[in-house]
Amino acid sequence: MAKKPVVFFLGKSGSGKDTQAELLIKKFGFDFISTGQLLRDFRNRSSGFAANSIERYEADGIKRILEMGRFVPTLTVACQWRFAVLEVTKNFENSTGMVFVGSPRKLSEA
C-alpha cells in the first residue's frame, strides 16, 4: 500500500486549523476528523439515535459537561478519535490522506 499523508492541526480556537484543513480537503480530497465535531455529534446522540443505553448515558454525560462549559475527559476524547480513525481507515486504501483537527487542553493531549 502506498504511503498517504496524515496531517494534524493542533492549536487554540481561532488559530486557523479548520481553514487550513478545508484547503487540504478541497485540493486533495483528504478525509477529515475534527475533535470538536466528534464530541458535538456524540453529544447529540443523547436525544437522538444511540446504539444502546450505555452510549446514550455517555452522550448525556458529554452533553452536560459541554453545557457547563467544562472539558470532556481526555479518555473520552481519545475514545472518540479511536472510533473515528477506525471508521476512516476501513476505506483508507481509497483515501488520498487524512486531516485531524483539535485543540489540546493539556500537554498529555498534544
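I looked up Glu22 and found it partly exposed, because its relative accessibility is 47% (buried means under 20% relative accessible area, exposed over 50%, partly exposed in between, with a 1.4 Å probe and protein chains only). Glu22 sits in helix 1 (residues 17-28). Its C-alpha lies 8.7 Å from that of Phe32, 10 residues away in sequence.

I note that the model is predicted: local features need pLDDT of at least 70, side-chain atom pairs count only at pLDDT 80 or more, and totals for chains, interfaces and linings use all residues. Residues are numbered from 1 along each chain as its sequence is written, and side-chain values use heavy atoms, with hydrogens and water left out.

Next I looked up aromatic pairs and found 4 in the structure (rings of Phe, Tyr and Trp, the last by its six-membered ring, pair if their centres lie within 6.5 Å; planes under 30 degrees apart count as stacked, over 60 as edge-to-face and the rest as tilted). Phe8 and Trp81 are one of them, stacked at 6.1 Å centre to centre with 5° between the planes. Phe8 belongs to strand 1 (residues 6-10) and Trp81 to helix 4 (residues 74-89), 73 residues apart (helices are DSSP runs of H or I, at least four residues, and strands runs of E, at least two, numbered from the N terminus).

I then checked burial. Trp81 is buried, because its relative accessible area is 17%. The rings of Trp81 and Phe100 have centres 4.9 Å apart and planes at 10°, so this pair is stacked too. Phe100 lies in strand 3 (residues 98-102), 19 residues from Trp81. At 4% relative accessibility, Phe100 is buried. Ring pairs join Phe8, Trp81 and Phe100 into a cluster.
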